[in-house]
Amino acid sequence: MEDVDGPSGRHVEASSPRQGLGFRVTTMSTHISAAHGEIAERILLPGDPLRAKWVAENYLEQVHQYTSVRNMFGFTGLYKGERISVQGTGMGLPSLSIYVTELFNDYGVQSAIRIGTCGGLLEKTKVGDVILAMTASTDSNINRRFTNGLDFAPHADFKLLLAAHEASKHLPNVHVGGVSSMDYFYDETDAAQKLIQHGVLGVEMEASQLYSIAARKQRRALAILTVSDHVITHESMDSISREQSLNTMVEIALAALLNG
Ligand code: HPA
């Protein structure tokens, strides 16, 4: 075992070098067991680790799994000849913040696109639609620790958003606007009504932290979300439209990662 400093300056213990992968010095972060260099600078971030596996199997070539710590899988492969990774982040702002912080600090990830689901709020955000999240407000207190109580406005990287918009503008059911990343899935308050008054398109549980951490670390981020159910009408997706809209979302995200 060899001790090294990670790119964040944090002291990490190196694991034994992996054979046959072309890596000499190996560093591991606390929750991702990848060697330094195993994760691409551009990454897709589904919440569900099995979705990460599905994306790797269906869209990437020469796939290599770099982590399975806590079954939060991560893969690197080639998409149209370019190195892309895909990493599960779990549910909720704290879980995503762990993975994204390690990806930025310890593995040098530069551009990250969350691919996830959200609950639709407005009449126009129908089940099966896709949302490009321009902003992500939150009811979480997590950012205020960094801003002395000031409400920072978490927003997507403009170039990634523009590239995602370019890739999807021919599609009828893609919306661009604000979402809100909530601490509760089973919310028993009237928060949804307040968000609707502000024209928020949908609710999910991660994007705001992705945008905030990216801002602090000067990295680029975007969230692309499929409306999996509707908060007001309680409609939800059947399995066929779930798969179709998942494909649409992943294809928009990959195009944005390559072109944004
Ligand atoms: N909240 C409500 N509905 C949802 C969510 C959420 O976070 N994600 C998908 N549907």
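**Overview of the protein chain.** A residue is called buried here if 20 or more other C-beta atoms, placed from the backbone, lie within 10 Å of its own. By that count, buried residues make up 47% of the 260 residues in the protein chain. The model is a predicted one, in which local features need pLDDT of at least 70 and side-chain atom pairs count only at pLDDT 80 or more, while totals for chains, interfaces and linings use all residues. Numbering starts from 1 along each chain as its sequence is written. The chain holds seven helices and 11 strands, taken as DSSP runs (H or I, at least four residues; E, at least two) and numbered from the N terminus.

**Close-up of the shell around the ligand.** Among the residues surrounding the ligand are Thr117, Cys118, Gly119, Met182 and Phe185, where a residue belongs if its C-beta atom, placed from the backbone, lies within 6 Å. Strand 7 (111-120), strand 10 (202-204) and strand 11 (220-230) each give two or more residues to this shell, and the largest share, three residues, comes from strand 7.

**Close-up of helix 4 against helix 7.** The axes of helix 4 (residues 158-168) and helix 7 (residues 239-259) come within 8 Å and cross at roughly 130 degrees, the axes being lines fitted to C-alpha atoms over the stretch in contact, with angles running from 0 to 180 degrees between N-to-C directions. Residues of helix 4, including Leu160, Ala163 and Ala164, meet Ile252, Ala255, Ala256 and Asn259 in helix 7, contact requiring C-beta atoms, placed from the backbone, within 7 Å.

Note on methods:
A residue is buried if 20 or more other C-beta atoms lie within 10 Å of its own, exposed if 12 or fewer, and partly exposed in between; C-beta atoms are placed from the backbone. Two residues are in contact if their C-beta atoms, placed from the backbone, lie within 7 Å.
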